[in-house]
Amino acid sequence: LPLLLKATLLRLASGSYHPFYNGFYYNHMMNDNDDGQDKVDYFNGAKLVVETSQDPVYSYNGANVTLPCHYRYEPDTGPKRKIRIKWSKLRDDYTKEQDVMVAIGKTYMAFGDFKGRAHLLQGSRHEASLVISDVRLKDDGKYRCEVIDGLEDESDVVDLRLQGIVFPYQPPRGQYRLNFHEAERVCQDQGAILANFNQLFQAWSEGLDWCNAGWLADGTVQYPIRLPRKPCGGVHLAPGIRSYGPRHRHLHRFDAFCFSSALKGEVFYLDRLPGMTLEEAKQSCQDAGAEIARVGQLYSAWKFLGLDRCNAGWLADGSVRYPIVTPRPNCGPAEPGVRSFGFPSKGRFGVFCYRER
């Protein structure tokens, strides 16, 4: 890009640059009736309006998604100058923004993790929709579409939600052993990320009931209860999400709630008599052109691909689990779910493998 244009885009992305137009400014004046309400005199006689989807946009890991955004003028006075478009990703509390992309005309610049994955869809007049390719787990969240025309600067927010599954996780060494940063790492090791509150709430509404407290992505510690009981906040509290609030990210230790989405590949089961050790299981997956599956991959295969197997198998973290879609005798409880045998130090089992398509 020309040096001047690059400088303009970078200043625009910082949020601190508000361009002037031919020296004209907005005039904030009182109404003639002096009723105390401000009105804005637009220098071009038209009001800029920006609109995005009021409903969440749903997608999944590895997909391509379009976040709709359109703008218009009231009244529409015909062709305008080249406008500037800026997309940002917001935190849930709107206190911080991550630059995604800025554009002037047909020239655009994407930032950070969105480089090579984000561009504008400008298929029609007054469209400023954002296309994100190869959606990733951490793309879940709120996005601001901002349109800047001279002194006019209007924006609206659209919510991108990934279809996925939340699962509780504790490491081999036992319950409540993870600080916040360790919880982030163990979720990543299992092909997942720390869940946010909206994801945990959705999982609770779908039936998740778990009495152990776990970290969420915002540094709070919470747990979902469907059936109130004494060890889980008491029998007199209504069902819901119990919260310990924000905890010290280094000193306090809990479990983790991880979030995983749909898979790009497949999970399959291997076995041989008389079963395998963990190291033998890893080698069997490699011999099959795959790798030993991670916990998040097994949960995703169970939820999205209907994986149902009443045979216990090793996973990459050293745990032994099996997924049940249709409960039946000798396959655990009467509800669907992923059953766990914990982290056995001895024993021979089958193995769940994962292979990219």
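The questions and answers below go through a predicted model of one chain.

Reader: What should I know about the numbering and the model before I start?
Author: Residues are numbered from 1 along each chain as its sequence is written, and side-chain values use heavy atoms, with hydrogens and water left out. The model is predicted, and local features need pLDDT of at least 70, side-chain atom pairs count only at pLDDT 80 or more, and totals for chains, interfaces and linings use all residues.

Reader: How many helices and strands does the chain have?
Author: Helices (H or I, at least four residues) and strands (E, at least two) are DSSP runs, numbered from the N terminus. Counted in this way, the chain has 5 helices and 25 strands.

Reader: What percentage of the residues in the chain is buried?
Author: Buried means under 20% relative accessible area, exposed means over 50%, and partly exposed lies in between, with a 1.4 Å probe and protein chains only. The chain has 357 residues, and the buried share of them is 45%.

Reader: Among contacts between residues at least 6 apart in sequence, what percentage joins residues at least 24 apart?
Author: A contact means heavy atoms within 4.5 Å. Of the contacts in the chain between residues at least 6 apart, the share joining residues at least 24 apart is 60%.

Reader: Why is strand E25 described as largely enclosed?
Author: Strand E25 covers residues 350-356. It is largely enclosed by the rest of the structure because the buried residues number 5 of the 7.

Reader: Which strand pairs with E25 over 6 bridges?
Author: Two strands pair if DSSP finds at least two bridges between them. Strand E21 (residues 291-292) runs antiparallel to E25 with 2 bridges, and strand E22 (residues 313-314) runs parallel to E25, also with 2 bridges. The antiparallel pairing over 6 bridges is with residues 265-270, strand E20.

Reader: Which residue of E25 stands opposite Phe268?
Author: Ile292 has Cys353 of E25 opposite it. Phe268 likewise stands opposite a residue of E25, and that residue is Cys353.

Reader: In E25, what is the bridge partner of Gly313?
Author: Gly313 belongs to the parallel pairing, as E22 spans residues 313-314. Its bridge partner in E25 is Gly350.

Reader: Is Ala312 buried or exposed?
Author: Ala312 lies in the loop between helix H5 (295-304) and E22. Leaving aside neighbours within four places in sequence, the residues in contact with Ala312 include Tyr269, Phe341, Gly350 and Phe352. With a relative accessible area of 14%, Ala312 is buried.

Reader: How far apart in space are Ala312 and Val351?
Author: In sequence, Ala312 and Val351 are 39 residues apart. In space, their C-alpha to C-alpha distance is 7.5 Å.

Reader: Which strands stand at the edges of the open sheet of 6 strands?
Author: This sheet has mixed pairing and the order E4-E13-E12-E7-E8-E9. The edge strands have a single partner strand each, so one side of each is left without a neighbour in the sheet. They are residues 57-59 and 107-110, strands E4 and E9.

Reader: In E9, what is the bridge partner of Val102?
Author: Strand E8 (residues 97-104) and E9 run antiparallel and are joined by 4 bridges. Within E9, the partner of Val102 is Met109.

Reader: How are the rings of Trp215 and Phe254 arranged?
Author: Rings of Phe, Tyr and Trp (its six-membered ring) pair if their centres lie within 6.5 Å; planes under 30 degrees apart count as stacked, over 60 as edge-to-face and the rest as tilted. The count by this rule is 15 aromatic pairs. The centres of Trp215 and Phe254 are 5.8 Å apart and their planes stand at 80°, so the pair is edge-to-face.

Reader: How many residues apart in sequence are the parts that Trp215 and Phe254 tie together?
Author: Trp215 lies in strand E16 (residues 214-215), and Phe254 in the loop between strand E18 (240-246) and strand E19 (255-261). Trp215 is buried at 0% relative accessibility, and Phe254 is buried at 10%. The separation of the parts tied together is 39 residues.

Reader: Which residue lies over the face of Phe180?
Author: A charge sits over a ring if NZ of Lys or CZ of Arg is within 6 Å of the ring centre and within 35 degrees of the ring normal. At 4.3 Å from the ring centre of Phe180 lies Arg249.
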